[in-house]
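These are my notebook entries on a structure that I am opening for the first time. I put down what I looked up, in the order in which I looked.

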Amino acid sequence: MNYDFQFGPVFDAWPLLLHGTWMTIQLSFLAMLIGLLVAVLCAWGKTAGPAPLRWLINVYIEIIRNTPFLVQLFFFFFALPAIGIRWSPYMAALVAMVVNLGAYATEIVRAGIESIPKGQIEAGLALNLSRIEIFRFVVLKPALRAIYPALTSQFILLMLASSVVSVISADDLTSVAANLQSETFRSFEIYIVVTGIYLALTLAFSYVFRVVFQHTLNYPDRR
Amino acid sequence: MRTFGYTDFWFILEAAQWTVLLSIIAFIGGGIVGLLVALGRTAENRTALALSTGFIQIFRGTPLLLQLFLVFFGAPVLGLEINPWIAAALALTLNSGSFLGEIWRGCIQAIPRGQWEAADALGLSYRDKMRDVVLPQALKIAVPPTVGYLVQIVKGTSLAAIIGFTELTRAGQIINNATFQPMIVFSVVAVIYFFLCWPLSLLAAHMERRLSISRTR
């Protein structure tokens, strides 16, 4: 191997890489929050809604889970503008990520809701809590606790999948890398560094998720 | 510019065979890598454990797209001629190897301790213990999640389009550039993916239900 590694041009571009990293974090975080909201609503609809709504939610989940994220992204970025819905690459990327995560997380949240024993809900009713209060305190919180590991690994998968939005130049870490590559031609060095940044992000995300768990959901459990 | 017609549809459908072929290669390659990784993760040998853990950490902690780029742009650095086809097959093999390895590790560890101890008590070597006692039982619980993971492999092959390998997604992009009817083109592409993946999803769910019934009995 007589390849001359040159990391100089890559490290010189550190402000760009930092910006890309921040955009990836921001995009993943927003998609995570909105996607979780979508998932909770869909999971509620799927467990308590009328039959047509349940059917509709199932169709949504099956379509998203059985097609690649890249094709979904193309759909939002190329197909929807063709019928008049125009948005920036960033918005298209965010919407695609929310829709994608929503489908996966719905199934996870639903499994959590179904893991709550009926007696617990009846206890809530006996305490004269309203339907919303029961859902929020008696069902959702213990359910989130039960599914926390599955949910957070889905979030990390989403963060990794967000690299795909670089194909529509959504200004994330991978598109910064692609731009750098076309300016400096040090593709291998750039992608080594950027892959390292993603690995660091994965480790950082799982650390943050652990800390959040210990501070919000780590209450004593009598089972 | 022309309108989307029968020949375009046929072009996309034909490209789907490359998606299927790439998926099969990634599954077979990933299966071999995954088995090694799963054995390493359950081994008592420190080096094997550290190597397989590191492998999984790296390949599950970084995006598949970046792994694809590293193989594609890294091979010429090592002085190897590489085309998108080989790069995609190699990256997908390593990636699915890490995920399958982690799935199968769980299945191997789900085999009750007593079975391992019984095999040890009978004086079986590591190879015999794995081949005749642990792996056959692990296989039974490994099938449903493995079929489920096949869906992820099929969907993962779409990323090969980005390095220019003409499979289903790339074919859709090419036809879209010619006809400029993204709504129809990407719907067709999505529908083909759906009918590749949906039967696998249904099968995996069905197998999972049957397995959980046989367990509770």
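Predicted model: local features only at pLDDT ≥ 70, side-chain atom pairs only at ≥ 80, totals over all residues.

Before any contact is listed, I note the rule that I use: two residues are in contact if their C-beta atoms, placed from the backbone, lie within 7 Å.

Residues are numbered from 1 along each chain as its sequence is written, and chains are lettered from A and ligands numbered from 1 in the order in which they are written.

**Entry: chain B as a whole**

Along its principal axes the C-alpha trace of chain B spans about 75 × 50 × 25 Å. Of the 217 residues of chain B, 40% count as buried; a residue is buried if 20 or more other C-beta atoms lie within 10 Å of its own, exposed if 12 or fewer, and partly exposed in between. Among the contacts in chain B with a separation of 6 or more, 76% come from residues 24 or more positions apart.

**Entry: where the chains meet**

How many residues of chain A are in contact with chain B? I find 32 residues of chain A in contact with 31 residues of chain B. On the side of chain A that touches chain B, α3 (51-65), α4, α7 (131-161) and α9 (187-216) each supply at least two residues, and α9(A) gives the most, with ten residues. By class this side of chain A has 23 nonpolar, seven polar and two charged residues, where Ala, Val, Leu, Ile, Met, Phe, Trp, Tyr, Cys and Pro count as nonpolar, Asp, Glu, Lys and Arg as charged, and the others, Gly among them, as polar.

**Entry: two helix pairs across the interface**

I took the angles between N-to-C directions, from 0 to 180 degrees, with axes fitted as lines to C-alpha atoms, for helices over the stretch in contact. α9(A) and helix α3 (residues 64-74) of chain B pack at an angle of about 155°, with their axes 9 Å apart. That makes α9(A) roughly antiparallel to α3(B), since angles over 145 degrees count as roughly antiparallel, under 35 as roughly parallel, 65 to 115 as roughly perpendicular and the rest as oblique. In this pair, S187(A), F188(A), Y191(A), I192(A), V194(A), T195(A) and Y198(A) meet L66(B), F69(B), L70(B), F73(B) and G74(B).

From α4(A), residues including F74(A), F75(A) and F78(A) meet residues of α8(B), among them F186(B), V189(B) and Y193(B). The residues of this contact divide into twelve nonpolar, no polar and no charged.

**Entry: a pair inside chain A**

Helix α2 (residues 14-48) of chain A and α3(A) pack at an angle of about 130°, with their axes 8 Å apart, and α2(A) and α3(A) are therefore oblique to each other. C42(A), G45(A) and K46(A) of α2(A) make the contact with L53(A), R54(A) and I57(A) of α3(A).

**Entry: the nonpolar core**

A nonpolar core is a set of buried Ala, Val, Leu, Ile, Met, Phe, Trp, Tyr and Cys residues joined through C-beta atoms within 7 Å. The largest has 119 residues, and those with the most contacts inside it are L73(A), A93(A), L68(B) and V189(B). Helix α5 (residues 89-114) of chain A gives the most to this core, with 14 residues.

**Entry: two loop residues**

Most residues other than glycine have a negative phi. N128(A), which is not a glycine, has a positive phi of about 65°; N128(A) is found in the loop between α6 (118-126) and α7 of chain A. F185(A), also not a glycine, has a positive phi of about 65° and lies in the loop between α8 (173-184) and α9 of chain A. With 12 C-beta neighbours inside 10 Å, F185(A) counts as exposed.

Definitions and conventions:
Helix = DSSP H or I, 4+ residues; strand = E, 2+ residues; numbered from the N terminus.
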